[in-house]
Amino acid sequence: ANISHEPDFVQLRKWLKKKGFNGFYLVPANFPDIGRGLMTRKALAPGDLVIALPEKCLLTTSTILRGYLGEYIKRWKPCLSPLQALCTFLIAERHFGSRSPWKPYIDVLPGTYTCPVYLTEEVIELFPSYLVKRIQEQKRVVQELYLASKCFFSSLQPLFSELVENVFTYDALRWAWCSINTRTVYMEHEQSEFLSREPDIYALAPYLDLLNHSPSAQITAAFNQKTKHYEIRTVTKCRRYEQVFICYGPHDNQRLLLEYGFLTNSNPHNVVYVSKELLCNHVSEKYELVDRKLQFLQDEGLLENLTFGFDGPSWRLLTVLKIFCLRVEEYSQRKKILLGLSITDDNELGSLKLAEKICFHLINENQKAMQKISRLLNEVVEISDHLELVVKLQGEELKILQASAEVLQNMRVTPPR
């Protein structure tokens, strides 16, 4: 359903038109199971321009340094990071409300997010253990960003009639961080002498950021230095009145949840991760030279991105398990396994049995989490929206693990040589 008539979008389109944007054949609309996105009112052919947003519509650190925050940022030591500068600006502009020239854009930003930093501990512990660690790390990063920014926030008191600690709260910082993390486009900027050396690669792109992600979308996107527009072109056809998608990258659902706070159905990049800790828990004392094997695998960079997919365990995971299943007298042949060579039938079969054991452990953990979720859904109504994310992710992962278990059983009958 077309929602371009809604007051917030009417104001946003007027505001963008004054800044030189006129690509309004893309209109905001609500789509089933997705929410708001952009619909095209004309058919698009391969190579067509989807959207071209003028540079003056983009919100970057250059925009901020030229404005009222510039003098405060330029004299602050140690220098703020580009991310801190953007977060500060968004919080201030939202607080200024009708006095903000960016109000039409601020008004269409979500008031809250489903990114993991918004989830309660009760919900977080229901995610797969590999993901729980990454969520906790993300929450720690945002908390540290807030603490690191508090002194600078205090220096802005002359700009505000009320106490800055009531403006620049943790909740406000979390909202700004999620707005930037989920909505910016990649755009390299010349390094400013007034900002830290962290990469300055952010640009908030009003209207363009209404485009939703699809793993199958094929587009090109970049800032055009000649036209001074951020341009997106489609590589494939799009019919009139269809939603226009872009692709944020070949991300699995765990990455999409961490970075953007959503999941996609039938994502071809989905996998289930096996953590180093889980691996070590399943390598019992009967496996010889465990410490030496772990060190070898660490040195070879093979202890990350160990996964199960719909087609079974990944090459990396099976390779790691084959190394662990080597007997003492076979250990000198470990590098042959890295080349894809088979050592013995026993080694092949042992690695498949170990993979199966880990796979069934993950299925068991998944089912326990789903039982807890079922109880919580009956007890706590207000967090059910967040629980739906867990249900969807765990449901996708269970399908992958069950498919992997079936593949492994078939492989045990005819182990690969």
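**Exercise 1.** Which residues lie nearest the centre of the largest pocket, and how many residues line it?

*Solution.* Start with the ground rules: this is a predicted model, where local features need pLDDT of at least 70, side-chain atom pairs count only at pLDDT 80 or more, and totals for chains, interfaces and linings use all residues. Residues are numbered from 1 along each chain as its sequence is written, and side-chain values use heavy atoms, with hydrogens and water left out.

Next, the term: on a 1 Å grid over the protein atoms alone, a pocket is an open set of points where a 1.4 Å probe fits, with protein on both sides within 12 Å along at least five of seven lines, and lining residues have an atom within 4 Å of a point.

Now look at the centre: Asn212, His213, Tyr248, Tyr260 and Phe262 lie nearest to it, out of 46 lining residues. The lining splits into 24 nonpolar, 13 polar and nine charged residues. Helix α16 (residues 384-413) gives the largest share, four residues.

**Exercise 2.** Find the volume of the second largest pocket, then say which element gives the largest share of its lining.

*Solution.* First, the volume is about 410 Å³. Then check the lining: of its 24 residues, Phe127, Pro128, Ser129, Leu362 and Glu365 are the closest to the centre. Finally, α15 supplies the largest share, with seven residues.

**Exercise 3.** List what Tyr207 touches, leaving out residues up to four places away in sequence.

*Solution.* Contact means heavy atoms within 4.5 Å. Going along the chain, Tyr207 meets Leu12, Arg13, Leu16, Phe21, Phe24, Leu26, Val27, Pro28, Leu38 and Ile51.

Key:
Helices (H or I, at least four residues) and strands (E, at least two) are DSSP runs, numbered from the N terminus. Ala, Val, Leu, Ile, Met, Phe, Trp, Tyr, Cys and Pro count as nonpolar, Asp, Glu, Lys and Arg as charged, and the others, Gly among them, as polar. Grid points are joined across faces, edges and corners, and a volume is the space filled by probe spheres set on the points.
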